[in-house]
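Dear colleague,

I am passing on to you the structure that follows, and I would be glad if you could look through it with the notes below at hand. They begin with the chain as a whole and then turn to single places in it.

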Amino acid sequence: MSNTPSSAIESVLVENRVFEPSARAQQGARVAGMAAYQALCQEAQADYEGFWARLAREALVWDKPFTQTLNATQAPFYRWFEDGQLNASANCLDRHMGTEVETKTAIIFESDDGQVTRVTYRELLERVAQFANALKAMGVQKGDRVVVYMPMTIEGVVAMQACARIGATHSVVFGGFSAKALQERIIDAGAVAVITANYQMRGGKELPLKGIVDDAIALGGCDTLRQVLVFQRTATPVNMQAGRDVWLHDALQGQSTQCPAEVVDAEHPLFILYTSGSTGKPKGVQHSTAGYLLWTKLTMQWTFDIRADDIFWCTADIGWITGHSYVAYGPLAAGATQIIFEGVPTYPDASRFWQMIERHGCTVFYTAPTAIRSLIKMAETNDAVHPKHSNLSTLRILGSVGEPINPEAWMWYHEHVGGQRCPIVDTFWQTETGGHMITPLPGATPLVPGSCTLPLPGIAAAIVDETGNDMPNGAGGMLVIKKPWPSMIRNIWGDPERFKKSYFPAEMGGTIYLAGDGAVRSADRGYFRITGRIDDVLNVSGHRLGTMEIESALVAKTDLVAEAAVVGRPDDTTGEAIVAFVVLKRALPSGQEGKQLATELRNWVAKEIGPIAKPKEIRFGENLPKTRSGKIMRRLLRAIAKGEAITQDVSTLENPAILEQLANTH
Ligand code: PRX
């Protein structure tokens, strides 16, 4: 079993390597030098609303200018730029018409099998407009919810932009989620349509999407759903249900490539994106139009220092928030050229990323630590896929997102990908924050491996105890954001009470945003280091999963499972790995039988939620460690999963003998 992350954390604690921004990184940077960063922070401090108003006026094109910047009367239901009106798609596309961006490449698309397609901003606008007209012809209206279950393709981004163009609220569901997960999201969002593809191509394999949509609908309850729009990605046929299913190419037939953008209020919900919480079903994180878009554009400028000739590449799927902010919206709002990649980093081999950087002259590259760690492993065992064989000299900025990056991986990324010349922006943020919160700025911030360094200007990040008191530097606590910011989550779709309870704890006054992460600031620089979730949320390969969700999936196997508890265990590739402790409705299995049952349960979870939720390990026991009041003692399970000796006090335990059994059943 691995122990890298814990040793990684120790090495962060003693981390004293500092990388000052080079003259090259500072040259012409949007925020050049710490003094420039501090000036922005001071501007925000001196006149908080004035600061955001200035940026919102500069960054966005408004159909109706706003007069009020922040309305906090219903806090924590904050409203930004409330009386202003605009359209997100117009801000990403139409605004560039008549400028030099119009004929610039918006998207360089590389398919799984290596075919490259380029689309200019003008062409993208026409495709989005035509798609929007098709949606309108299907009866989709402003305010309707549309689920997007698409592969990483130009059409995926076009679908999102087309929804935004007509004021429909999209809810993208990652193409790796199961029929059940999809069904739950369709129902919760009350979607009127699903946009999907017949199949998706990943790693040379053709994987179903439309078939899963059919299964999701067959599960029942999708009463609001009227239509399924199907993009034909491959030649393989699928069943089409007359009256419900429409091919995209048929729907686009005869539609005009012009479609005026629907003007919406600043607070109009641009999208809902489901993410895991510590309790219950996934939460529909609701984002606004203006505040969200402002943030994606600003962070493209601040964090990525995006310039006219950059070739930007964010490897995230559009099914996650990173793919929303830094594929579907941010790069377009900033008028950048971006790479969109359909496939996986290991196909046809693990040099794919490096070859693509060379092929397309990528300058700003943004990926997840899990990808870096697995590519390190592969390069170490197979020299042919090492990045040194590719010309990566065009790179000027590297980014990391989704999970803590251990200093070892940071250093490798810095040396072997960035050639020791590219700043690494370790961006801490969440689905709920809409965009970066704590991150270095490439032309300003001295870098410390493993630290996301300092909050962006105007972001009042702090570390506090349970009652909201500030912790001194060097002492760990809970990460909070003390002031509202434009791109913050607006609500949990349909569940305002859960929104308040999850993010704005009453013990802290009810208006401070609780991130759900632990963090500590360094004694010397006050730099932030994220220590991981403080709730029952796991981060597996940068994917967020609630332990409760996985437990619910396990106990839904009613013929077999009596009880289940899920915890995370450090893993040197995926960050965390899922370990499930299961009490069966039958005698404790042994040997081969145990292995078979574990496989059956792992596959069951994949079917219920998606392959990303598959437990890495399943341990069977006759019981779970519980207090006398019946509460499962997860900290003991975490220790067992890690292979640690139990040193904690177990005197409150109902059944101490179970610990030994669980420790030995794998
Ligand atoms: O635990 C933090 C971790 O990912 C969580 C947010 O997950 P999600 O909403 O899926 O968004 C991921 C992409 C932004 C956080 O609560 N996390 C994200 N970025 C970092 C991170 N942990 C450490 N360092 C980061 N840079």
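A polar contact, as the term is used below, is a pair of N or O atoms within 3.5 Å, where within protein one atom must be able to donate a hydrogen and the other to accept it. Please keep in mind throughout that this is a predicted model.

The chain as a whole

The secondary structure of the chain comes to 20 helices and 30 strands, and the C-alpha trace spans about 75 × 65 × 60 Å along its principal axes. A compact globule of 666 residues would have a radius of gyration near 26 Å, and the chain, with 24 Å, agrees with that. Among contacts with a separation of 6 or more, 71% are between residues 24 or more positions apart. As for charge, the chain has 63 positive and 71 negative charges, and their mean positions are 1 Å apart.

Aspartate 310

What does the side chain of aspartate 310 make a polar contact with? Its partner is the side chain of arginine 396, at 2.8 Å, and a polar atom of the aspartate 310 side chain also lies 2.8 Å from the backbone nitrogen of arginine 307. Aspartate 310 sits in the loop between helix H11 (290-302) and strand E16 (311-314), and it counts as buried because its relative accessibility is 2%, where the cut-off is under 20%. Leaving aside residues up to four places away in sequence, aspartate 310 touches Asp305, Thr337, Thr363, Val364 and Arg396.

Tyrosine 121 belongs to helix H6, which covers residues 121-137, and at 0% relative accessibility it counts as buried. Its C-alpha atom is separated by 9.1 Å from that of cysteine 92, a residue 29 positions away along the chain. In helix H13 (residues 352-360), the buried residues are Arg352, Phe353, Trp354, Met356, Ile357 and His360. Just after H13 comes glycine 361, which takes a positive phi of about 65 degrees.

Backbone geometry to check

Most residues other than glycine have a negative phi, and most peptide bonds are trans.

- Alanine 75 and proline 76 are joined by a cis peptide bond with omega of about 10 degrees, and proline 76 is found in the loop between strand E1 (70-71) and strand E2 (79-80).
- The peptide bond from tyrosine 347 to proline 348 is also cis, with omega near -5 degrees, and proline 348 lies in the loop between strand E17 (337-341) and H13.
- Phenylalanine 81, although not a glycine, has a positive phi of about 55 degrees; it is placed in the loop between E2 and strand E3 (85-86), and with a relative accessible area of 0% it is buried.
- Glutamine 420, again a residue other than glycine, has a positive phi near 65 degrees; it lies in the loop between helix H15 (407-417) and strand E20 (424-427), and at 56% relative accessibility glutamine 420 counts as exposed.

With kind regards

Conventions. Residues are numbered from 1 along each chain as its sequence is written. This is a predicted model: local features need pLDDT of at least 70, side-chain atom pairs count only at pLDDT 80 or more; totals for chains, interfaces and linings use all residues. Side-chain values use heavy atoms; hydrogens and water are left out. Helices (H or I, at least four residues) and strands (E, at least two) are DSSP runs, numbered from the N terminus. The radius of gyration is taken over C-alpha atoms; the globule rule is 2.2 Å times the number of residues to the power 0.38. Contact means heavy atoms within 4.5 Å. Lys and Arg count as positive and Asp and Glu as negative; His and the chain ends are not counted. The place of a charge is taken as NZ of Lys, CZ of Arg, CG of Asp or CD of Glu. Buried means under 20% relative accessible area, exposed over 50%, partly exposed in between (1.4 Å probe, protein chains only).
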